[in-house]
Amino acid sequence: MIKITNLEKVYRTEEVETVALNKLSLEVKEGEFVSVMGPSGCGKSTLLNILGLLDDPDKGSFIFNEVEVAGFNERKRADMRKHNIGFVFQSFNLIDELTVFENVELPLIYTGVKSAERKEKVEKVLDKMQIMHRRNHYPQQLSGGQQQRVAVARAVVNNPKLILADEPTGNLDSSNGNEVMQLLTELNEQGTTIIMVTHSEHDSRYSHRIIRMLDGQTVTENILV
Amino acid sequence: MFRNYFVIAIRNLLKNKGFTFINISGLAVGMACAILIMLWVESELTFDGFHENRDRIYEAWNRDSFSGELQCWSVTPKVLAKYIREDFPEVQDVVRVDWGANYLFSYKDKRIKEDGNIVDSGFFNMFTFKLLKGDKKTALNGSYNIVLSESFAKKIFGNEDPMGKILKVENSDNFTVTGIMEDAPDNTRFKYKYLIPWSYARLKGNDDENWGNNSTRSYVLLKPNASIESLQTKFKDIRKKHDNEAGTGEMFLYPMSRWRLYSNFTNGKEDGGLINMVQLFIIIASFILLIACINFMNLSTARSEKRAREVGIRKVVGARRIGLIGQFISESILLALLGGILSIGIVLLALPGFNKLADKALFIDFTNGWYWMAFFMVVIITGLLAGSYPAFFLSAFNPVKVLKGLKQQANKIITPRKVLVVLQFTFAIVLIVATIVIRKQIGYAQARQSGYDKNNLMYHFLTGDLEKNYDLLRNDLLQENIASSVTKTSSPLTESWSNSWGMEWEGKDPNDKTLFNRFYADNQIVKTAGMEIIKGRDFDLNTYKTDSFAILVNEAAVKAMGMKDPIGKIIRDNGAEWTIIGLVKDFIIESPYKNVNPMLIEGAGGWFNVINIRYQTGSNMQSNIKKTEALFKKYNSEYPFEYKFVDDDYAAKFANEKKTGTMATVFAILTIFISCLGLFGLSTFMAENRVKEIGIRKILGSSITGIVGLLSKEFMILVGISFIIATPLAWLAMGKLLDQFTYRIDLSLDLFIYAGLGALLIALATISFQAVKAAVANPVRSLRSE
């Protein structure tokens, strides 16, 4: 599903040049659940952003669903992203001014789903995440675990092929964290590919494979399954 | 999609009530200004634009050279109309419209004096005024026919049908009402309560064939398809063809579309006019609106951090930049719409005052679709203008960065805003300077010596029998000790009705075309008016019968005639010889802003329209008026007693400049208000963003004043830069404004410094509220929140 070859990314400010990815190569098959680990600044977030088509690599090849997407313009990337990829963040990133329902509905609006169908899909996913009773609440009225479940609901409402999770349990206590990991596992079992950046060895054990990074390169791979 | 935009926009507005208030009220005030000025501009641009024949209507104008300079004027001889008809087959009709009449109308026991005019009978065929009753073609055919305006007819006849009724005019002639015309709209120069046919003037001996007597306006209607260019070349010489004394005098036809806005002539060429005012006002309105938009831009972009996460999320779930731009622009249009609705309320509240100021009867016609179109145009333009920059700014956020919560540097965000603040305050300072300059100029001219005593001086026009009974009335006024002195004159002391270059004296250069004001007074004018005699004496008919043909001159006249010792010299004017008996100090009869023109006051042998009464100083004015009224009723019982005081009329000479001054003040206040709203918002943002810095500084020992100073300093520098930019701009503009006055103040730097200091203080007051609030906050609390 994903094939990355010799990917490079360099960030420049006025004084400093930081190499975030250094000729990184990687392959992820459909249906896999992969963890990416490594110390701060090793490039794992950059990798996730490129995988999520939020950022463009400087060099190298990135084949997603058999299409070369490196060098895609903003419009093509947005198009590819909204149909195929869901995101879950550490800090949930819900829009405060929108209710639970409206937050989850957002990706459907951008993919042009009709209103009645949107309602049906959102309700179904809220039901699945067991937060249907909170549909008209605003994010600040929810606990952290509930907020993250809303964020997961938003990530999967469009039935994406790939979910990218950036430390999804980082802001949660262990029981809420486990709940979220359980959710991700279920999604994976239903066929969704998941790539997760994490600092938590505990969380990484939910995945099939752990990729460890250092200085913009993969150093080891552990196959868990 | 739009529902989603709408929902989030409304929730954002409600959540940040302070910013919403600043944005909407700023936009509303800006838009209200724009709407008021657009209404005014519309009324000026459509002035006399409703005449169906407007493309074929022209006014006959003169052009002649005086002292090497070409002058243009629109008053023509009465006989001109006849020759235009005879000479030019391409002309369909010529209509003369006289100076205007103010007649007394009597019906049953009603007595009403009203303004109207005497016109040629083709008036209704040339100009588009609706006749509600009567026939346009024949209404003005008979010499004793009269057409009344609807409201005037109602005033006289109440609910009776006016058609065919007999009206007594000036207590002597009976007129038959042959037409009722719809009341003229506000935006026409032909606003009359009644029209009387020219043939009546002829019967009364008020028509002449004298080419030297420029005394009426002549309007020309061309036939359809007639060429104006070829007509102009022939028309030029019409004076020379029929008038042996035409000299260099030429004539031209001036098209209706130019009358209102462009009819300022300098050296024979059009040189602006009201159009300059229209343009100036459009510029001012645009600037005020722009300033309100700048506020919006400043506040939305300064607060961008709060929206950044939303932008990031939307991008992550698939929004494209163009979609986000659309979202933010529709948000600003929504805000502009709210502001627009509020602005209509402001306009409705402000219209009465604005109308008074602009001397108009403007109103919003809510049934007119064009008005709504214009309104929505203003809303959309405002929304686009205000929203475009924030939209591009906000939509450019990199989702990766904003979702990581990377904070943008507050200073980095504020920098482009600074330019906008400078722009706002530059404009504000220019307007403050304008306000000060105009007020000073008016004060300066008001303090100017008028050269006569305006107080306790009343005048009344010689209506009805007053001229006949003048001597009796004067005697009674003096005998009963009501007045200390009474004089009749050709015009009020505040107006000059007649001038000429035709006077002759010994040694006059035949090419000298200096214009002299011509004024008539019968007796004791110096005493009545309280003028100052420099040499010689006042008119004194009781002692010197020959004073009927005596003449008083002012200093400017003596200078213009180049006389060393004027007393006893002879001046020939209008076929009579007048002997100079006195020299009076220059006094202001025309504009207090101009030099006093040469003036001749000719004696009792002249013609008279006004009675001037000087009351005893210190006497009770109320009882004076009562006693005077009783005498007027005795000698002129049919006519109403309509007196005026000279000092009121003199004060009215400043009315226009005072209006300009008020306008400048209003605009200055509005600009400052809107700019301060923006500044307040910006300083709030700055203070919020520097909470941590302020906390650390306080813990390290900074004082409250130190922190207030720190937060205020930057804005003070901006106002300082504005001052530096504004000063030369204002200097140029004000210099140009003052150039139109001969008697004027000089610009001095202190005036600009006052304006700059004023702006600085206002800005400081605005900022200090937030600065002090931030400075006194407990640092422990602000640091713990990290």
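**Helices on a sheet of chain A**

Helix H5 (residues 144-156) of chain A lies across E6 and strand E7 (162-166) of chain A, and runs at about 170° to E6(A). Helices (H or I, at least four residues) and strands (E, at least two) are DSSP runs, numbered from the N terminus. Axes are lines fitted to C-alpha atoms, for helices over the stretch in contact, and angles run from 0 to 180 degrees between N-to-C directions. Contact means heavy atoms within 4.5 Å. Helix H6 (residues 174-189) of chain A also packs on the sheet, where it touches E3, E7 and strand E8 (193-197) of chain A. The direction of H6(A) makes about 150° with that of E8(A).

This is a predicted model, in which local features need pLDDT of at least 70, side-chain atom pairs count only at pLDDT 80 or more, and totals for chains, interfaces and linings use all residues. Residues are numbered from 1 along each chain as its sequence is written, chains are lettered from A and ligands numbered from 1 in the order in which they are written, and side-chain values use heavy atoms, with hydrogens and water left out.

The sheet itself is open and has six strands in the order E6-E7-E8-E3-E9-E10 (chain A), with mixed pairing. Strand E6 (85-88) and strand E10 (217-223) of chain A are at the edges with a single partner strand each, so one side of each has no neighbour in the sheet. On average, neighbouring strands of this sheet are turned by 20° against each other, direction ignored. Two strands pair if DSSP finds at least two bridges between them. Strand E3 (residues 33-37) and strand E9 (residues 209-214) of chain A run parallel and are joined by four bridges. Within E9(A), Arg212(A) stands opposite Met37(A).

Another strand of chain A, E1 (residues 2-12), holds Lys9(A). Lys9(A) is buried, at a relative accessible area of 9%; buried means under 20%, exposed over 50%, partly exposed in between (1.4 Å probe, protein chains only). A polar atom of the Lys9(A) side chain lies 2.7 Å from the backbone oxygen of Asp56(A). Leaving out residues up to four places away in sequence, Lys9(A) touches several residues, among them Thr18(A), Leu21(A), Ile50(A), Asp55(A) and Asp58(A).

In chain B, 52% of the 786 residues are buried, and the secondary structure comes to 25 helices and 27 strands. The C-alpha atoms of chain B fill a box of roughly 105 × 60 × 55 Å along the principal axes. The average pLDDT (the predictor's confidence in each residue, from 0 to 100) of chain B is 89, and 98% of the residues score at least 70. For the complex, the predictor gives an ipTM of 0.82 and a pTM of 0.80.

Helix H22 (residues 691-699) of chain B has Ile694(B), Gly695(B) and Lys698(B) as its buried residues. They cover an arc of only 100° around the axis, which puts them on the same side of H22(B); the arc is that of the directions from the helix axis to the C-beta atoms. Gly701(B), which follows H22(B), has a positive phi, near 110°.

Ser748(B) sits in the loop between helix H23 (704-739) and helix H24 (749-776) of chain B. Ser748(B) is partly exposed, at a relative accessible area of 26%.

Terms used:
A polar contact is a pair of N or O atoms within 3.5 Å; within protein, one must be able to donate a hydrogen and the other to accept it, and residues adjacent in sequence count only if both atoms are side-chain atoms.
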